[in-house]
Amino acid sequence: ERTKVHKKCDPKLLEDPEFLELHQQFRTKIEIAQTLLATAVAQGIAFTTMLMDSWYLTPALVKTLAELQIDWVSLLKRNRKLETGSFQLQDAAGTPILFPKPQIKVEDLVPLIPPQSYKKVELGQQTYWCFTLCVRLDSLGKVRLTISFDNPELTGTYAVLITNRCDWSAAQMVAKYLLRWPIETFYRDSKQLLGLDEYRTRSFAAIEAHWCLVFVAYSFLHLDCLPPSSIQDSSLRPTTPHQSIGVVCRQQAQSLIEQLILFAHDRLLQGCSAAQLFTTLFAKQHPTTRSSPLVFS
């Protein structure tokens, strides 16, 4: 629907010089991703594979990845159509399934796959049941597709992954894509617990400072989530958190409240009045001035 509106309205809007100037400055998410990729490669950042959400799976971005010789793994929307002439599927009895149309949606293909075609894939402490094959996808060409369930009954939701590497196994595809999960949890925790999206600044320097503080805070919290270890070699220390960022945040908040209560109790015992204590605690701090010192009788 958005594309229809653009096709209808853009030619007229672009006749306006001011609108045209703004339009020339605008960059889509795909264009920004292409620029980030090219910049990362130019700066020598070492990576060979890009993991992306289905929203970014476009011919333009896939072309850029091919030019940069970067492999990729992406989620695939279930309504995307596969070319039925590019693969062969057999039913439970081993008889080839004939497709009446040249294309089939992923969500219509999944019910046709016999359960015995799924293979058990163990990755760490997680187990998945996967089916994989090479297919041709409209506008993207030949890719490897993997359908993954998290239970042997093959019920509930499932993930559909595709990659340009047709020689990769289902285990390789799933293992690589799971590396995205810590990134997703970072943004969730940073927004819900650390105020990543709650800044009210306009200058680039202020925004950059806020982001850096959030990243630093998250890094310290993540370290606190790791189990204690006496191993000197950092490469051998455990890297799997034994508690969540939310738990650590609550522990930190409790510790701060405890320190505040003990601080107030100590000052009151030293003779500070309650009014003086509250005045200091709730005084607005200014960068160039200091709050009045507590006066003890």
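Biologist: Where is F278 placed in this predicted model?

Modeller: F278 sits in helix α10.

Biologist: Is F278 buried, exposed or partly exposed?

Modeller: Buried is under 20% relative accessible area and exposed is over 50%, with partly exposed in between. F278 has 48% relative accessibility, so F278 counts as partly exposed.

Biologist: Which residues make the nonpolar surface patch?

Modeller: F278 is one of them; the others are L260, F263, L281 and F282. Together they make a patch of about 510 Å². Helices α9 (245-269) and α10 (274-281) each supply at least two residues of the patch.

Biologist: Next, the strands. How do β1 and β2 pair, parallel or antiparallel?

Modeller: Strand β1 (residues 49-52) and strand β2 pair in the parallel sense, over 4 bridges. As an example of a bridge, M50 has W72 in β2 as its partner. Between these strands the chain passes through α4, and this β-α-β crossover is right-handed.

Biologist: What joins β2 to β8?

Modeller: There are 3 bridges between β2 and strand β8 (residues 159-163), and these two run antiparallel. V73 stands opposite T163 in β8.

Biologist: Back to helix α4. Is A66 buried or exposed?

Modeller: A66 belongs to helix α4, which spans residues 59-67. Its relative accessible area is 56%, and because exposed means over 50%, A66 is exposed.

Biologist: How far apart are A66 and N164 in sequence and in space?

Modeller: In sequence, A66 and N164 are 98 residues apart. In space, their C-alpha atoms are 9.1 Å apart.

Biologist: How do I read a positive phi?

Modeller: Most residues other than glycine have a negative phi. In this model Q69 has a positive phi, near 60°. Q69 lies in the loop between α4 and β2, and with 72% relative accessibility Q69 counts as exposed.

Biologist: Which residue of the β6 and β7 hairpin takes a positive phi?

Modeller: That is S139, with phi near 80°. The hairpin has 3 residues between its strands, and S139 is found in this loop between β6 and β7. S139 has a relative accessible area of 48% and is partly exposed.

Biologist: How many bridges join β6 to β7?

Modeller: Strands β6 and β7 are joined by 9 bridges and run antiparallel. Opposite C130 stands S148 in β7.

Biologist: What does β7 pair with on β8, and in which sense?

Modeller: The pairing of β7 with β8 has 5 bridges and is antiparallel. Here S148 stands opposite A159 in β8. Strand β7 is mostly covered, with 8 of its 9 residues buried.

Methods. Residues are numbered from 1 along each chain as its sequence is written. This is a predicted model: local features need pLDDT of at least 70, side-chain atom pairs count only at pLDDT 80 or more; totals for chains, interfaces and linings use all residues. Side-chain values use heavy atoms; hydrogens and water are left out. Patches are made of residues with over 30% relative accessible area and no salt bridge: like charges are joined within 9 Å, nonpolar side chains (Val, Leu, Ile, Met, Phe, Trp, Tyr) within 5 Å. Accessible areas come from the Shrake-Rupley method with a 1.4 Å probe; for residues, only the protein chains shown count as cover. A salt bridge is a side-chain nitrogen of Lys or Arg within 4 Å of a carboxyl oxygen of Asp or Glu. Buried means under 20% relative accessible area, exposed over 50%, partly exposed in between (1.4 Å probe, protein chains only). Two strands pair if DSSP finds at least two bridges between them. A crossover is right-handed if, with the strands pointing away from the viewer, the path from the first strand over the helix to the second runs clockwise.
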